[in-house]
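Thanks for making time. I have one structure for today, and I will keep to what can be computed from its atoms. Please have a look at it before I start.

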Amino acid sequence: MSVDVEQYQIRRQPWYRPVGNEIERFEAACAARMPVMLKGPTGCGKSRFVEYMAWKLGRPLITVACNEDMTAADLVGRFLLDINGTRWQDGPLTTAARIGAICYLDEVVEARQDTTVVIHPLTDHRRVMPLEKKGELVQADPGFQLVISYNPGYQSLMKDLKPSTRQRFGAMDFDFPAAAIETEVVAHEAGVAPEVATRLVAIATRSRNLKGHGLDEGISTRLLVYAGQLIAGGIAPREAAEMALVSPVSDDPDMRDTLMAAVDTCLA
């Protein structure tokens with residue numbers, strides 16, 4: 001069955017602000033056909049980075065949002081019944097291997113470990129995908145690239161990658177950018193003045209200092225963009241901050257009061 005590769009192409013350049021030499025390192029990994037693991041907090045730009053690199057390299061991009069109900073067949077493929085009988089349907093991982101796409105497994109540790117082991121043959125010198133039910137061995141296209149991401153600071157020991165999986169990847173650490181760069185990102189993405197972006201970033205910085213002291217995660221760059229978009233849409237800054245920055249990160253009344261105090265200080 002032919003695959004419409006065009007549906008996976010990134011045609012418009014995604015906006016991405018480099019914070020170091022991550023672009024060059026990813027390009028080198030692709031040239032070496034090295035699988036890449038992106039580690040960092042939620043909302044710090046990992047997915048945007050992958051999208052940007054797919055555009056820059058001219059590669060199709062197939063993204064899979066991993067979850068605990070995902071099976072190996074969801075990645076590899078399965079036989080389906082239709083009016084013409086039984087037919088094989090490739091999963092996203094197999095499709096990516098066939099067409100030379102970047103396959104991005106987002107939050108891979110949310111998937112069961114017995115599911116993620118199916119990626120192993122694609123992450124070493126073999127670069128193959130065995131389709132046991134079909135009796136086929138798919139040789140990955142030279143352009144195929146496997147990328148996974150997860151948040152190591154948020155996962156429990158029961159939801160961590162097995163050493164046999166981790167050591168098949170080169171790793172790149174991501175974090176929230178320095179305040180000046182994050183301000184630039186928020187101003188651009190939300191369409192707000194730099195002064196507003198600066199104040200929003202100050203709120204996030206204070207929240208991140210509370211990680212481990214009542215917060216599992218501080219306010220992400222993604223949430224800052226949401227707040228900025230609300231402000232740009234005419235919502236009062238305090239209300240926008242409460243909706244996009246405070247309510248999503250905590251249900252604890254005391255913590256929400258603490259965060260609102262930071263909002264009032266920074267937006268005053």
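Predicted model: local features only at pLDDT ≥ 70, side-chain atom pairs only at ≥ 80, totals over all residues.

The chain has 268 residues, and 47% of them are buried. It contains 11 helices and 9 strands. Along the principal axes, the C-alpha atoms fill a box of roughly 65 × 40 × 35 Å. As for contacts in the chain with a separation of 6 or more, 72% of them join residues 24 or more positions apart.

Now to α8, which runs over residues 194-208. That is 15 residues, and the distance from the first C-alpha to the last is 21 Å, close to the 21 Å expected at 1.5 Å a residue. Which residues of α8 are buried? They are A197, L200, V201, I203, A204, S207 and R208. Looking down the axis of α8, these buried residues fall within an arc of 155 degrees, so they line one face of the helix. What does the buried set of α8 pack against? The partners are α7 (179-190), α9 (221-232), α10 (237-246) and α11 (253-267).

One of those partners, α9, is next. The buried residues here are T221, L223, L224, V225, A227, G228 and I231. Their cover includes α7, α8 and α10. Just after α9 comes G234, which takes a positive phi of about 105 degrees.

Last, the empty space. In general, rolling a probe the size of a water molecule over the atoms shows where such space is left. How many cavities of 30 Å³ or more does a search of the whole structure find? The search finds 1. The largest cavity holds about 30 Å³ of space. Its lining is made up of R33, M34, P35, L122, R127, F144, Q145 and L146. By type, the lining residues of this cavity divide into 5 nonpolar, 1 polar and 2 charged.

To recap the helices: the buried residues of α8 pack against α9 among others, and α8 in turn is part of what covers the buried residues of α9. That is what I had.

Note on methods
Residues numbered from 1 in each chain as written. Heavy atoms only, no water. Helix = DSSP H or I, 4+ residues; strand = E, 2+ residues; numbered from the N terminus. Expected span 1.5 Å × (residues − 1). Buried < 20%, exposed > 50% of the residue type's maximum accessible area, 1.4 Å probe, protein only. Arc of directions from axis to C-beta. Contact = heavy atoms within 4.5 Å. 1 Å grid on protein atoms, 1.4 Å probe; cavity = no way out; pocket = protein on both sides within 12 Å on 5 of 7 lines; lining within 4 Å. Points joined across faces, edges and corners; volume = space filled by probe spheres on them. Nonpolar A, V, L, I, M, F, W, Y, C, P; charged D, E, K, R; others polar.
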